Amino acid sequence: MSRSVALRTAPADHSQFAEDVAYYLSLTPRQLPSQYLYDELGSALFEAICRLPWYRITRLEQELLRLHASDIFRRLATLSTLVELGSGNGEKLATLMDARAAGPMTVHLVDISPNALAAAIRALNVYPDLALVAHRATYDAGLAEAVLERRAGSQTLVLFLGSNIGNFDPPGAGAFLHGVRAAMARGDSLLLGADLVKPERELLLAYDDPLGVTAAFNKNLLVRANRELGADFDVEGFAHRAIWNSDASRIEMHLVSVRPQNVRVPAARLDIAFQPGETIWTESSYKYRPGEVPTMLDRAGFAVLDQWDAAGFALTLAGAR
Ligand code: AVJ
């Protein structure tokens with residue numbers, strides 16, 4: 001099938017990665033931003049994670065979307081534009097589209113992974129009345145591009161699903177939601193997916209699975225740094241570790257140096273001596289109590305319209321006030 005898809009793709013930028021690695025690996029404790037987990041292999045590993053029996057976020061959210069999609073469209077009767085931030089493979093959007101009445105609609109897909117965008121375009125190509133615009137961009141840049149193309153009087157729904165919000169610390173999440181609200185017009189809405197606090201044992205199995213897929217996803221960051229920045233990480237010299245930090249209400253992923261070792265990262269001008277047990281903190285996944293999500297949205301200028309939750313995951317629909 002041939003149809004036109006608009007692509008707004010910035011070229012891959014290794015210099016931003018080099019700059020971020022130089023900064024974050026020099027912090028105490030050492031860190032790497034989680035957005036760099038999603039190169040081609042990383043995105044494929046994340047998709048595998050979504051199919052693991054121990055990682056339930058994706059399935060729970062799909063089920064909630066399937067159950068409530070028609071409610072959502074009924075509430076947003078004049079909807080003409082959809083923007084998904086971090087669209088991944090487009091499966092969730094397709095679930096929503098299955099419940100929608102026919103009619104023209106513009107769908108903006110925003111993702112940093114070109115492979116994810118390509119998969120999302122394939123998944124959405126079966127809906128002939130959608131105009132697709134793919135933005136290879138960060139959330140902020142992609143949203144800014146998408147709203148520039150909005151027509152007067154059109155109503156927009158922004159989707160931020162999969163508990164991607166959990167990668168931000170609480171002040172960061174607040175600032176991010178404020179930014180989303182500022183890009184929206186009154187009457188637009190936001191559908192937010194957020195993973196909820198659950199027993200520690202379940203959380204740890206989701207982030208340190210018995211098949212080792214999450215470990216591979218985490219260590220691939222070192223493989224990427226070796227390839228793109230000329231680093232010499234010995235991938236076997238680091239172990240995957242997931243911990244539940246209950247005070248901060250977050251899962252943390254770390255890469256732990258299993259022995260004393262030196263690592264050079266030429267493109268970031270780094271030469272690091274790792275002590276045994278020293279870690280690189282690669283991701284936080286905050287988990288929420290159900291009431292925290294409406295509070296967070298309210299503070300950012302949204303009015304909660306509805307919230308659905310199932311077995312530890314919440315989907316919240318909010319309007320821009
Ligand atoms: C895509 C950020 C929602 O935090 O659960 C999965 C990424 N990390 N397993 C999450 C992830 C480890 C995921 N998010």
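Close-up 1. Strand 10 covers residues 261-265. Its covered face holds Q261, V263 and V265. N262 and R264 make up the uncovered face. In a regular strand, side chains alternate between the two faces of the sheet. This is a predicted model: local features need pLDDT of at least 70, side-chain atom pairs count only at pLDDT 80 or more, and totals for chains, interfaces and linings use all residues. Residues are numbered from 1 along each chain as its sequence is written, and side-chain values use heavy atoms, with hydrogens and water left out. Helices (H or I, at least four residues) and strands (E, at least two) are DSSP runs, numbered from the N terminus.

Close-up 2. Which residues form strand 11? Residues 270-274 do. Strand 10 and strand 11 pair in the antiparallel sense, over 5 bridges. Two strands pair if DSSP finds at least two bridges between them. R264 stands opposite D271 of strand 11. The hairpin has 4 residues between its strands.

Close-up 3. R269 sits in the loop between strand 10 and strand 11. Its phi is positive, about 50°, although R269 is not a glycine. Most residues other than glycine have a negative phi. Is R269 buried or exposed? R269 is exposed, with a relative accessible area of 78%. Buried means under 20% relative accessible area, exposed over 50%, and partly exposed in between (1.4 Å probe, protein chains only).

**Close-up 4. S163 in another loop.** Look between strand 6 (155-160) and helix 7 (170-183): S163 lies in that loop. Phi of S163 is near 60°, a positive value in a residue other than glycine. S163 counts as buried because its relative accessibility is 9%.

Close-up 5. What is the strand order? It runs 2-12-9-8, and the pairing is mixed. The edge strands are strand 2 (30-31) and strand 8 (238-245), and each pairs on one side only. Strand 9 (residues 250-257) and strand 12 (residues 279-286) are antiparallel, paired over 7 bridges. E252 has S284 in strand 12 as its bridge partner. Strands of a sheet pair through backbone hydrogen bonds.

**Close-up 6. The cis peptide bond at P29.** T28 and P29 are joined by a cis peptide bond. Omega is about -5° there. Most peptide bonds are trans. Where is P29? It is in the loop between helix 1 (14-24) and strand 2.
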